[in-house]
Amino acid sequence: DGRFHMVRSTVLEAGEASLPSDHPVVTQLLRHDEVLNVEDMVFADTADDHRFRSFTRVKVCVPIQSGGQLLGFIAVGCDERGERYRADDCQLLRVMAHHFGMVLALSQQTEERRASVELEALHRFSAFCLHDLKNLTAGLSLVVQNAIVYGQDPAFQQSVMKTVVGTVRKMNALMEKLSLKTSRAVSWQTVDLTAIIRDAATGVKVRSEEHTSE
């Protein structure tokens with residue numbers, strides 16, 4: 001939502017303070033990869049700023065970056081001694097933030113890779129389903145074409161009913177696979193290709209004509 005939300009805290013419950021991406025703290029962290037001393041900053045005392053500072057009692061902010069991108073920041077409260085943070089304290093905070101940045105970047109890459117694999121699998125599955133739909137549609141189209149010629153034939157009518165029933169059964173099975181509600185994995189099974197071809201050709205009659213030269 002374009003805001004930086006508190007997601008972890010050692011002393012506070014998360015979710016109470018957030019900052020927009022154009023807040024002075026965020027803009028300063030975007031410009032400089034350094035520990036930001038919030039006490040030295042001048043604020044306009046907006047609602048976001050007042051809520052953030054009063055809730056966290058922040059003294060310094062440490063950017064968490066990866067590849068030049070600001071992933072987040074650490075807001076550190078008052079020192080136990082009530083003193084300003086020294087240079088060695090800031091250096092330690094920067095080292096910690098650098099480690100956090102690598103962890104977050106690795107986590108994002110893992111999620112992106114996982115999403116890419118899932119999307120590729122979905123594309124493959126969709127291609128198989130589309131192929132099945134085309135075959136079912138082609139079979140019904142042949143039935144309609146032959147019905148113009150053999151529609152009155154009882155044997156053809158019986159064959160058509162068998163074809164329609166089989167097509168409905170296959171389409172229901174296909175919709176079950178596509179349903180988002182089903183959680184079971186796709187099961188593989190051995191099929192008889194000869195039987196499939198015979199079933200597809202059932203009810204399809206092709207008019208033949210013989211021509212002789214005179």
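Guide: In this predicted model, the lining of the second largest pocket comprises 22 nonpolar, eight polar and four charged residues.

Visitor: Which residues of that lining lie nearest the centre of the second largest pocket, and what is its volume?

Guide: Among the 34 lining residues, Arg8, Ser9, Phe73, Ile74 and Ala75 lie nearest the centre, and the volume is about 1100 Å³. Strand 1 (3-5), strand 2 (18-20), helix 2 (47-56), strand 5 (69-76) and helix 3 (87-150) each give two or more residues to this lining.

Visitor: Why are helix 3 and helix 4 called roughly antiparallel?

Guide: Their axes cross at roughly 165° and come within 11 Å; angles over 145 degrees count as roughly antiparallel, and helix 3 and helix 4 are therefore given that description. The crossing of these two helices is left-handed.

Visitor: What makes up the contact of helix 3 with helix 4?

Guide: Residues including Phe125, Leu133, Leu140 and Tyr150 in helix 3 meet residues of helix 4, among them Phe156, Val160, Met171 and Leu178.

Conventions:
Residues numbered from 1 in each chain as written. Predicted model: local features only at pLDDT ≥ 70, side-chain atom pairs only at ≥ 80, totals over all residues. Heavy atoms only, no water. 1 Å grid on protein atoms, 1.4 Å probe; cavity = no way out; pocket = protein on both sides within 12 Å on 5 of 7 lines; lining within 4 Å. Points joined across faces, edges and corners; volume = space filled by probe spheres on them. Helix = DSSP H or I, 4+ residues; strand = E, 2+ residues; numbered from the N terminus. Nonpolar A, V, L, I, M, F, W, Y, C, P; charged D, E, K, R; others polar. Axes fitted to C-alpha atoms, helices over the stretch in contact; angles between N-to-C directions. Parallel < 35°, antiparallel > 145°, perpendicular 65-115°, else oblique. Left-handed = near helix turned anticlockwise from the far one by under 90°. Contact = heavy atoms within 4.5 Å.
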